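Open your viewer, switch to a cartoon view and keep the selection tool ready. We will go from stop to stop, and at each one you will pick something and look around.

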Amino acid sequence: MQDAIKTSAEAEEAAALPRRYESIATGEGKKDLPAAVAKKPAAQKSPAEWAYERLILYIQNFEQQLDNEHEVAMGFTGGDAGVLRIEGMGFFDPDIVTFYGTDTGGAKTQLVQHVSQMNVMLRALPKQVEQEEPNRIGFRLAQDLEQNA
C-alpha cells in the first residue's frame, strides 16, 4: 500500500494532533481519543490542560479494569505525599494540576502540582465500606470534559 502524499500543512496538522497508543499484555492496543480531547490540537493547549485531559483518560482506563470492590487512588513519587483517593481534579493554566481527595487515614487532601514535577502512579484501593457502589471518578471527569469542550 502506498502512502498518500501530504501537503506541508497536512503534515504539520497531523504532527500537532494528539494520538494515543498503548500496548498491554491483555491485548489492548491503539485507542481513539474522545472528541473533547482530539477537538483541539495539543499545541493549542496549555501544559496544564493537556496533562489534565490525559490523566482523565488514564484514570478512566484504569477504572475499567477494576472490580466493584476497588476504587482508583493515586500514589505520588518524589516526596511524602503518599496515596490519595481521588475525588476530583482540576487545572490552573498554564502549568498547575490539582488533585482533590482523602488520604489513607481519611484526611481531606489537596495536592497542587506543577506539570513538570508530576509523576503519578494509579493504584487500586478497596472501596470505602459505607459505599454500596465504588466511586468512579474517571467517568465523572470525562463527562465534565465533554460538557466543557
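Which exposed residues sit on the face of helix 4 turned away from its buried side? Keep in mind as you look that this is a predicted model. Select Phe139 and Gln147: these are the exposed residues that this face of helix 4 carries.

**Stop 1: the other side of helix 4**

Now select Ile137, Gly138, Leu141, Ala142 and Leu145, the buried residues of helix 4. They lie on the same side of helix 4 because they cover an arc of only 130° around the axis. Show what surrounds them, and you will find that these buried residues pack against helix 2, helix 3, strand 1 and strand 2.

**Stop 2: the largest nonpolar core**

In soluble globular proteins, nonpolar side chains tend to be buried together. Here the largest nonpolar core has 26 residues, and Ile59, Met89 and Phe99 touch the most other members. Colour the elements that give two or more residues to this core: helix 2 (35–38), helix 3 (47–64), strand 1 (70–76), strand 2 (83–92), strand 3 (96–103) and helix 4 (137–147). Which element gives the most? Helix 3 does, with eight residues.

Next, zoom in on Phe99. Leaving aside neighbours within four places in sequence, phenylalanine 99 has contacts that include Leu55, Met74, Leu84, Met89, Leu111 and Val120.

**Stop 3: an aromatic pair**

How many aromatic pairs does a search of the whole structure find? The search finds one. Select tyrosine 52 and phenylalanine 91: their ring centres are 5.0 Å apart and their planes are at 55°, so the pair counts as tilted. Tyrosine 52 belongs to helix 3 and phenylalanine 91 to strand 2, and with 39 residues separating the two, the pair links distant parts of the chain. Are the two residues buried or exposed? Tyrosine 52 counts as buried because its relative accessibility is 6%, and the cut-off for buried is under 20%. Phenylalanine 91 is partly exposed, at 33%.

**Stop 4: strand 1 and its partners**

Select strand 1. Six of its seven residues are buried, so strand 1 is largely enclosed by the rest of the structure. Strand 1 runs antiparallel to strand 5 (residues 120–126), and seven bridges join them. Strand 1 also pairs with strand 2 in the antiparallel sense, over three bridges.

**Stop 5**

Move on to strand 3 and strand 4 (residues 108–114), which pair in the antiparallel sense over seven bridges. Together they form a hairpin with four residues between them. Click on glycine 106 in the turn: this residue has a positive phi of about 90°.

Finish with threonine 102, which lies in strand 3. The bridge partner of threonine 102 in strand 4 is lysine 108. Which side chain does threonine 102 join through a polar contact of 3.4 Å? That partner is glutamate 87. Threonine 102 counts as buried because its relative accessibility is 12%, and buried means under 20%. Not counting residues up to four places away in sequence, threonine 102 touches several residues, among them Val83, Arg85, Ala107 and Gln128.

Terms used. Residues numbered from 1 in each chain as written. Predicted model: local features only at pLDDT ≥ 70, side-chain atom pairs only at ≥ 80, totals over all residues. Heavy atoms only, no water. Core = buried A, V, L, I, M, F, W, Y, C linked by side-chain atoms within 4.5 Å. Buried < 20%, exposed > 50% of the residue type's maximum accessible area, 1.4 Å probe, protein only. Contact = heavy atoms within 4.5 Å. Polar contact = N/O pair within 3.5 Å; in protein donor to acceptor, adjacent residues only side chain to side chain. Phe/Tyr/Trp six-rings, centres within 6.5 Å; stacked < 30°, edge-to-face > 60°. Pairing = 2+ DSSP bridges. Arc of directions from axis to C-beta.
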